[in-house]
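Please look over the sequence and the model before reading on.

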Amino acid sequence: MNSSQTRLTLILLLSPFLLWLGLLVIIPHIDMFFLSIREKVAPRTYETSLANYAEFFTEPFYWNTLARTAFMSILATVLTLIIAFPVAYYIAKMLRGKTKSILFLLCLLPFWVSELVRTFGWMILLRETGVISSSLQWLGLIDGPIEFLYNDVTVMMGLIYTSMLFMVVPLVSTLDSLDDSLIEAGYDLGGSKLSILKEIVIPHSMPGIISGCIVVFMLTLGNYLTPILLGGKSSMWFTGQIYTQFITRFNWELGAAFCFLLLIVSSTIVWLGLKLSGQTLASTVAKS
Amino acid sequence: MLPTIPRSNRYNWSYQLYIFLFFVYLIAPLVVVASFAFNDSLFPSLPWKGFTWDWFINDTQPKLGLFHDRSLMNGIGVSFFVACCVTGLSIAIGTSNAFLFERYEFRFKQFAYILLLLPLVIPGVILGISILVFSNTLANGVEDHIGWDLEFLRPGLLLVVLGQFAFITTIATLVISARLKKFDRSLEEAAYNLGASRFEVLRTITLPYLRPAMLGAGVVAFLMSFENFNTTLMLVGSDAPLTIAMYDRLKEGSTPVLNAVSLFLMLGSALLALISILVQKEK
């Protein structure tokens, strides 16, 4: 292979890559940025200004929605970690052979089913005429039907459900790589369960914890279906607000500004997480 | 903490109970969706009124079954078409990207790798919107300056395909790169020494080696495209893919025909999962 041939192949491989990313990801975002900094002053005349961003900060409803979305996403991430960790530990350390791979595959199951179907399942279970409400009435535990949908607890539960897979998989793979003899050694030296967990297991699984948390956080922040369907109109989710601006109100300028604000919040929190843990984006996102 | 370390019975029991409850939580919504597809009632809720196949095969209102429901069947067709396009495109570009990142050194490669991962970091809703905005700018620009109305740049199937392709390609690239990384290059060198041309080596050695990863990436791409909602929602025109058609029904409140179509989706995914497991075995 001579070098001019190599160069030609490189160009041939580079051009689809650049076309794909350039035309479908980078230029659209640049275009959207320009849209977000223009203001309609008269029909068909626009001026460059930060009015859209100013509107976000002066209207409490908007920034409350964003703050709430970010807060709930962080909470969902933490809860997912707490719920998933014992399960991942059980799969990685307590089980062997076939049972282990079956349970692990079972964890992946919801991923194979559309998010729409999963959310539909929760709606059938939780709504006023749903399975849980009817069963409780039949058992005589409650007198009338109860509406379990359209509240924050349900939205949180749905978000955790959707995120579970992305936490369990990295946790299982890091815990798998922890040598059992280290735990046994800790036990032999008289360590309690809690101290073994704190001194050996958690430090070892830190890379898995970080990458799981980052992926879950990003997915939750950008989630649309679960908060809208399980939370209804009162869900106040920021992606729902973006949809409203674009499709319902047709205020594209403000909607574009909202998109950038969401991207900024998302990347800031992810960047902070990476900085605090000393990892890179490539090592966390590419694995999952 | 380990099976080899003695634990109290109570600890054992409570741990196993927790795991059991976790899996109930994981599976409950899926079981419920599937079972109400066979309930002989107009609403997907209790009480159970007996087993029926009506939600699949009945052809009259109000119990219109899935196979006679025009809009849902049309949705399946549209989704299938979109998923095939996205799968083909993303395997092609994904393979080319994999070669680019595994075989070549170029300036700003690190930076390009970050860009490659970008579509995974951007929420689907925003990715969809940005493409909508850009295609709208293009269409308006062309209309204002040349006077052509480019219909294909307005929301519709082409934009849906492009929107899904934008992020699914990243996933395909990662899957195919992972296998290309493990490739033993001495195999290629041997073929060169035996007088093969570059194209022959690619066709007879490297691509057959990559085939399981390309098929695996194809299965994942097909599935992600078929099930995608967020990006599609922003770019959809008059032809609604299945997830959008289902979402519209879901908001109105629907008969168990939605359960029937959900069950259909689950079976389809299970079939694809089986294929991908078989493909993995082939390695």
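This is a predicted model: local features need pLDDT of at least 70, side-chain atom pairs count only at pLDDT 80 or more; totals for chains, interfaces and linings use all residues.

## The interface between the chains

On one side, 85 residues of chain B are in contact with 84 residues of chain A. The size of an interface is often given as the accessible area lost when the parts come together. Between chain B and chain A that buried area is about 7900 Å², and carbon and sulfur atoms give 80% of it. Helix α1 of chain B, residues 9-35, gives the most to the side of chain B that touches chain A, with 15 residues.

Sorted by class, the side of chain B that touches chain A has 64 nonpolar residues, 16 polar residues and five charged residues. The count of salt bridges between chain B and chain A is zero, whereas ten residue pairs are found in polar contact across the interface, with both residues of each pair at pLDDT 80 or more.

## Cysteines without a disulfide

A disulfide is a covalent bond between the sulfur atoms of two cysteines. How many disulfides does a search of the whole structure find? The search, which runs over all chains, finds zero. For A:C107 the reason can be given from distance: the closest cysteine sulfur, that of A:C213, is 17 Å from the sulfur of A:C107 and therefore too far for a bond.

Burial can be stated for two cysteines of chain A. A:C107 counts as buried because its relative accessibility is 5%, and A:C259 also counts as buried, with a relative accessibility of 0%.

## Two threonines in helices of chain A

A:T119 lies in helix α5 of chain A, which covers residues 115-126, and this threonine counts as buried because its relative accessibility is 4%. The side chain of A:T119 reaches the backbone oxygen of A:E115 at 2.7 Å. When residues up to four places away in sequence are not counted, A:T119 touches A:T226, A:L229 and A:L230.

The C-alpha atom of A:T6 is separated by 48 Å from that of A:V201, a residue 195 places apart from A:T6 along the chain.

## Phenylalanines with positive phi

In chain A, the loop between α11 (238-248) and α12 (252-277) holds A:F250, which has a positive phi of about 60 degrees although this residue is not a glycine. A:F250 is exposed, with a relative accessible area of 58%.

In chain B, B:F108 is placed in the loop between α3 (70-103) and α4 (109-121). B:F108 is not a glycine, yet has a positive phi of about 65 degrees, and with a relative accessible area of 61% this phenylalanine is exposed.

## An enclosed helix in chain B

Why can helix α10 of chain B, residues 242-252, be called largely enclosed by the rest of the structure? Eight of the eleven residues of this helix are buried, so the description follows from that count. The buried residues of α10(B) are B:L242, B:T243, B:I244, B:A245, B:M246, B:Y247, B:R249 and B:L250. After α10(B) comes B:G253, whose phi is positive, near 90 degrees.

Notes: Residues are numbered from 1 along each chain as its sequence is written. Chains are lettered from A and ligands numbered from 1 in the order in which they are written. Side-chain values use heavy atoms; hydrogens and water are left out. Contact means heavy atoms within 4.5 Å. Buried area is the accessible area (1.4 Å probe) that two parts lose on being put together, summed over both. A salt bridge is a side-chain nitrogen of Lys or Arg within 4 Å of a carboxyl oxygen of Asp or Glu. A polar contact is a pair of N or O atoms within 3.5 Å; within protein, one must be able to donate a hydrogen and the other to accept it, and residues adjacent in sequence count only if both atoms are side-chain atoms. Helices (H or I, at least four residues) and strands (E, at least two) are DSSP runs, numbered from the N terminus. Ala, Val, Leu, Ile, Met, Phe, Trp, Tyr, Cys and Pro count as nonpolar, Asp, Glu, Lys and Arg as charged, and the others, Gly among them, as polar. Buried means under 20% relative accessible area, exposed over 50%, partly exposed in between (1.4 Å probe, protein chains only). A disulfide is a pair of cysteine sulfur atoms within 2.5 Å.
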